[in-house]
Amino acid sequence: MSEFAFIGRKVPKIDAFDKVTGRAVYGHDMVLPGMLYGKILRSAHAHAKIASIDVRPAFEVPGVKAVITAQDVKTGNVGFLQDNPILKGGRVRSFRDEVAAVAAVSEDAAAEACSRIAVRYEPLPAVFDPFEAMAPGAPLLHDSAPGNVIGFKYDFREGDPDAALASSAFTAEGTFRTHYVTHCCMETCFALAAIGRAGSLNFYSSTQIPYLMQNTLSRVTGIPASRIRIRQPVIGGAFGSKLDVYPYEIIAILLAQRTGRPVRITYTREEEFACTPTRQPMIIKMAAGCDREGRLTARKAEVVLDNGAYTSWGITTPHIMLTGISSLYRVPNVSFKAYSVYTNNAFATAFRGYGNPQGTFASEQLMDELAEKAGIDKVEFRLRNANEPGSVTPQNFRITTCGFKECLAKAAERIGFGRPKAENEGVGISGMFHVGGGGRVYKSDGCGVIAKLDDFGRLSIMTGATEIGTGSDTAMAMIAAETMGMPMDAVSVINDDTDVGPWDVGIHASRTTFIAGNAVLAACEDVKDQIREFAAPMLGSDARNLVFRDWKVCDVLDPSKSMEIPRVARAVHFKEKGRMIVGRAFYDPPNEFQGKDLRGNVSSTYAFAAHAVRVKVDPATGKIRVLKFVAVHDVGKVINPLGLEGQLHGAIAQGLGYAISEQLVFDRGRLLNDGFTDYKMLLARDMPGEIELHFVETGDPEGPYGAKGVSEAGLIPIPAAVANAVADALGIRFRTLPMCPEKVRAAVLERDGAARPGAD
Amino acid sequence: MIPIRIAVNGDVYEREVPPGTTLLDFLRDGLGLTGTNAGCRAGDCGACTVLLDGKSVNSCIVLACECDGSEVLTIEGLSRGGALHPLQQAFMDEGAVQCGFCTPGMIMRCAEFLARNPDPTPAEARAAIEGNICRCTGYENIVRAVIAAAGAMKGRAKA
Amino acid sequence: MFKFAYHKPASARKALEMLSAMKGKAAVLAGGTDLIPAVRRGKAAPEALVDIKGIESFRGIGISGNSVVIGSLATLADLVSDPILAEKLPVLALAAAGMGSPQVRNRGTAGGNLCNAAPSADLAPPLIVLGAKVRILAPKGGRTVPVEEFFLGPGRTLVSGGKGILAAIVVPLPKKGSKSSFHALTPRAAMDLSVVSVAASALRVGGRVAAVRIALGACAPVPLRCAAAEAALKGSPGGLEDAARAADAVAAAACPISDVRASEAYRRDMARELALRAVREVLGL
């Protein structure tokens, strides 16, 4: 029997009832009285001067209430470097650029009006490759970036990797290229802006960062942040895509201000594909070395990022990419350089794993190659280099709990490493290192919780920690119920309103169960202390002996002394000088903000995992079939097996899609596949024939009930593990993603063609 | 405008609809049944699946005027008398729900499937949802939920 | 919401009258799985839709004389589950089962798949190798033409522009002992359009290939019947080398395009590979 009532047990999501009955209210479902529909006209060119815009024809469409262009509005820009104007005036730099916007009484009228706006462009030379963009004479995108190279760069160095590589017994190197993929949230983007009393703003959003959004909306629109209230309806997927503020959101506000009516903008699926930011594409040049015994000596990486035309979080993905490069396995000498180049392509933002899948795709393939050169079994090679508890990595990450070796050994055993395999079958393995205890990338990595006990003994958890579908609010409710000794259905989570919930930095970095979970835990302890204070005299007990179980407060020494929590709540409330029991906490983890040297313990604990896959490749068509997938994760402690499984299954689907099938295809900056037919996400029948999940519980001392973050970890090692398996099957190393059938087939033809002359 | 007579979740509506109104928009905007979600409006994702005369269809590519004289069942009509349909219960219990946007369409698709195939294998359940996209769950727990629901329905039929 | 008029005639005669009166500005609506998305994206802009689902004579699958008659309104789901097809023409059920999703198959029709005339229309290659014909109704009388002659180009057929309506597909019952196969290459198991598809049928008599048909999809503006490949096999012993020669001929007949789904070279390569698989299957190799 488990010592816990809820922790570690399969608990259905607390929002599942509304979702299975169709009662959940998403942004798409929100209609306010008098609401108008906004629509955006986008650029017809990858790069052009706007010579003129005539909006008059748009007003001829019945029901049009406002049309705006850059001339009509005064706002700041958005984006990490604030280089993205809300509406583009003089110049467009990519096909997604916002040129004009309309508010009308219906979606149809707004779309019709947009189509009638006459824009005259003078096309400019455009550039779609970062290396071409750096060449002399290339078109310049922003005056702030001479040669299109952005000044915001990464440079990390530990030891002397060049010398270490030179003296290594074995080295491996390669240039790896990763491609454009997109989040594909099932609910397309929406924004609903309503202007209230004295110019205040009610903004309905599926954002992952409600409190940072207040700041950004204020800076850009000039509305004081104290008058901006963000509310979040049920969110239909995010995966990092909603960690920034984008022009369409500001446009909704501008249209609402102009018309005095609420305005909702909802993307079509085609807009969602063509206009939302992507995962950051990268060109990674990496080298690694080891000594005769297979001990890693050095890792060296130079990374070029295609920044696209504007800058969102994509430019900062090297930050997390570096964590894996410096700290996955014990590497004494590390150097890392990364910079971003403006092009007329799509721009990138955060996406589950944040640069780490790209870096791991390179580093874990080189691990295989080094093992081969050193003549050491690939699993043994990894075990020799695996991180250990109590170690410190080159970036000064302090590894506390670490079940990495167990993960590697289990994954290898379950996939059948080293056992005979059929023709064109292969097995591959990859390790994974990621933040698991928050990630201090902002001034605060904290989360606040108010826990209100009502007269019926019900506990309301009010917090800023957002639920995007992952089940984090269920984990919070479980932690509250466990800590309070209460039933699950006596706990509710209210986390959809910045006027209600205390601050949270946002749902990113796999942090919410860890950080918000700790905040809930602390707020519940506060509630318990308050209950003890009142209950002790009533029960005639020592407060220190009072424990909480079965929705009661009980004397641990004398079971006859107990009182139901609802009764306690009422007794405290309804008396002279009565009070209410309200607990509160703000948990900011003991992690460090990194300095310019990129050193500092950015997370209060770290997640480890190993994935192993068995693939079968059809060399005649190039199709890869994943026969079996084994994922083993050091999760600290399983909070909710249902939620944990779901996070990993979903990550496997996304990660395999990233590895073998998904790709946004552009022709000179224009997207060619803006629908689900030609953007090949894996569907139900494309999933691996067999999936095994195993968990190593290392009981992290800083985690709530010992848990670590996991949501990104499930995706990170997948492209590398698949590439290693395909190499095992075909003897061909894929350094470019995705490993789609046509590319695999071409490589097989090349391999066989090269083999033929010798044989003939 | 085209006059139609349509039964939705057992209630008969007599309405006039513009010819271009999809069944999806009729349900969402005309009847306020927002449980049916619009994922792509191209028939590619299954989020808007409803039962039209007992068959699962993508309501985004069916016109409301085509449904004159038809019976439509949406997620709101699946649970009767306060009791959840076994599929709804199983989706909750097996962790088949994450962001939930695909869930109503997924459940409606499976409602037709289980009506035709009350004793499916996991492979058959997987094939049944081949046209419903989920970006969150990787489908594994959905397949498990469909099998669990089939079991519950058999148990209920016996009792 | 889209702007068009909607008519639902109860008879074929009435439907033909409407189509002629609209002079090519009306489109025939059957399942709508291709047409409605095309209208939404502005790829089609009919002024009126003529819904033929009220025409009872276009429904049903049955045997008439030596043929199976498939009403143009038979859904893809009907093709998958129909007992007659399962027994007599399993290759059609196989092709239909691979198309779209259950929801699409519940709605999409056999006639619609042909009339939409995508080069990748998956019913076309198997129908061609089965020797099927389409029964066309037109204002000036009807006619019956082989399926391979029905297509004029991408999205264009003998009935495009309101010139007629496809009423039924007539498939001769295969000769005893003949076999047919269908191989389609899609990146995913469902919800995909074929990158390449190949169908083949063959009858061996006395150690020779007495009859053979091979058809190729998604490798030309229209589904192709590959005469050279058939010639390579007909009368031959039907061994592995013959199959390989036929596959080479299929690849040579292919004139594919490069698009977002595949390059011209990959399509040609896959045409050969799928042809080899399709031919080997019907020859029992």
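**Chain B and its contacts**

Guide: Among the contacts in chain B with a separation of 6 or more, 61% are between residues 24 or more positions apart. This is a predicted model, with an ipTM of 0.98 and a pTM of 0.97.

The secondary structure of chain B consists of 5 helices and 5 strands. Read from the N terminus, the order of elements is β-β-α-β-β-β-α-α-α-α. The radius of gyration of chain B is 16 Å, close to the 15 Å that the globule rule gives for 159 residues, so chain B is as compact as a globular protein of that length. Its C-alpha trace spans about 45 × 35 × 25 Å along the principal axes. Of the 159 residues in chain B, 67% are buried.

Chain B touches chain A through 41 of its residues, which are in contact with 45 residues of chain A. On the chain A side, the elements that give two or more residues are α1 (16-20) and α16 (641-661). The largest share of that side, 8 residues, comes from α16(A). By class, the residues of chain A that touch chain B divide into 21 nonpolar, 15 polar and 9 charged.

Chain C has 11 helices and 14 strands. Its radius of gyration is 19 Å, close to the 19 Å that the globule rule gives for 285 residues, so chain C is as compact as a globular protein of that length. The C-alpha atoms of chain C fill a box of roughly 55 × 45 × 35 Å, taken along the principal axes. Buried residues make up 58% of the 285 residues of chain C. Of the contacts in chain C with a separation of 6 or more, 63% are between residues 24 or more positions apart. The mean pLDDT of chain C is 96, and 100% of its residues reach 70 or more.

Y267(A) is placed in the loop between β12 (263-266) and α8 (269-275) of chain A. Y267(A) has 21 other C-beta atoms within 10 Å, and 20 or more count as buried, so this residue is buried. Leaving aside neighbours within four places in sequence, Y267(A) is in contact with T188(A), C189(A), E272(A) and C275(A). Y267(A) and D678(A) are 411 residues apart along the chain, and their C-alpha atoms are separated by 19 Å.

Key:
Residues are numbered from 1 along each chain as its sequence is written. Chains are lettered from A and ligands numbered from 1 in the order in which they are written. This is a predicted model: local features need pLDDT of at least 70, side-chain atom pairs count only at pLDDT 80 or more; totals for chains, interfaces and linings use all residues. Two residues are in contact if their C-beta atoms, placed from the backbone, lie within 7 Å. Helices (H or I, at least four residues) and strands (E, at least two) are DSSP runs, numbered from the N terminus. Ala, Val, Leu, Ile, Met, Phe, Trp, Tyr, Cys and Pro count as nonpolar, Asp, Glu, Lys and Arg as charged, and the others, Gly among them, as polar. The radius of gyration is taken over C-alpha atoms; the globule rule is 2.2 Å times the number of residues to the power 0.38. A residue is buried if 20 or more other C-beta atoms lie within 10 Å of its own, exposed if 12 or fewer, and partly exposed in between; C-beta atoms are placed from the backbone. pLDDT is the predictor's confidence in each residue, from 0 to 100.
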